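User: I'm new to this one and would like a close look at a single part. Here is what I have open.

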Amino acid sequence: MSRLRPAPLPSPERLRGALRPALAELGRPLRVLAEGVDGISGEIDLVAVDPGGTLVAVLVARDPGEALGLVARGLAERSSLPRRAEDWLKVAPDLGLRAERGVDLLLLAPDFGAAARAAAAEAGRSVQLARLRFAAIDGGAPEPLLESLEAAPPPAEVPRERPRLSVFRSGLGEADLPKSRIASPAGG
């Protein structure tokens, strides 16, 4: 029986090469146009085009803690890429790009927390999240495993607030103090 073993993410160059064929696992055929494109927030791992001519920026986070930042980076890149797409079309009109279609994002990370998923949901349907892991079968070369995720997390139950007790600087609360009787001004 084959054994599947988790593997660390490879170097960025090897990662990009491994991702090219794996992108089809997400159900959207993409043709990669460029790798390691300089963007306004860093490097865009892959720039691709879908069959309808929509430009797709693929960004990868290597750590789950980077997922929220990845959403922000993706949104920044999405705003700048349409101008660049127009320039690319002047140089290579046969790319199949339709600049008027805008830019979609495909964001890959080992995991996305609730905040990252909620931010992606607010950005709309043009943002796709996918969990990225690498695994090796029986000691073979590590291969990417992609799992599409819903952008918005399932609604969480909101914890009920407990009544707040006043706390003094000493750390004592009202319950720690003796009950005192205040004398009325009439002497009663």
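User: Where α2 and α3 cross, is the crossing left-handed or right-handed?

Analyst: The crossing of α2 and α3 is left-handed, meaning that the near helix is turned anticlockwise from the far one by less than a right angle (clockwise would be right-handed). Before going on, note that this is a predicted model, where local features need pLDDT of at least 70, side-chain atom pairs count only at pLDDT 80 or more, and totals for chains, interfaces and linings use all residues. Residues are numbered from 1 along each chain as its sequence is written, and side-chain values use heavy atoms, with hydrogens and water left out.

Helices here are DSSP runs of H or I, at least four residues, numbered from the N terminus. α2 covers residues 67–91 and α3 covers residues 114–123; they pack at an angle of about 20°, with axes 8 Å apart. Axes are lines fitted to C-alpha atoms over the stretch in contact, and angles run from 0 to 180 degrees between N-to-C directions. That makes α2 roughly parallel to α3, a label for angles under 35 degrees.

As for who touches whom, A67, L68, V71, L75 and R78 from α2 meet A115, A116, A119, A120 and A123 from α3, with contact meaning heavy atoms within 4.5 Å. Sorted by type, the residues of this contact are nine nonpolar, no polar and one charged. Nonpolar covers Ala, Val, Leu, Ile, Met, Phe, Trp, Tyr, Cys and Pro; charged covers Asp, Glu, Lys and Arg; the others, Gly among them, are polar.

Terms used
Helix = DSSP H or I, 4+ residues; strand = E, 2+ residues; numbered from the N terminus. Parallel < 35°, antiparallel > 145°, perpendicular 65-115°, else oblique.
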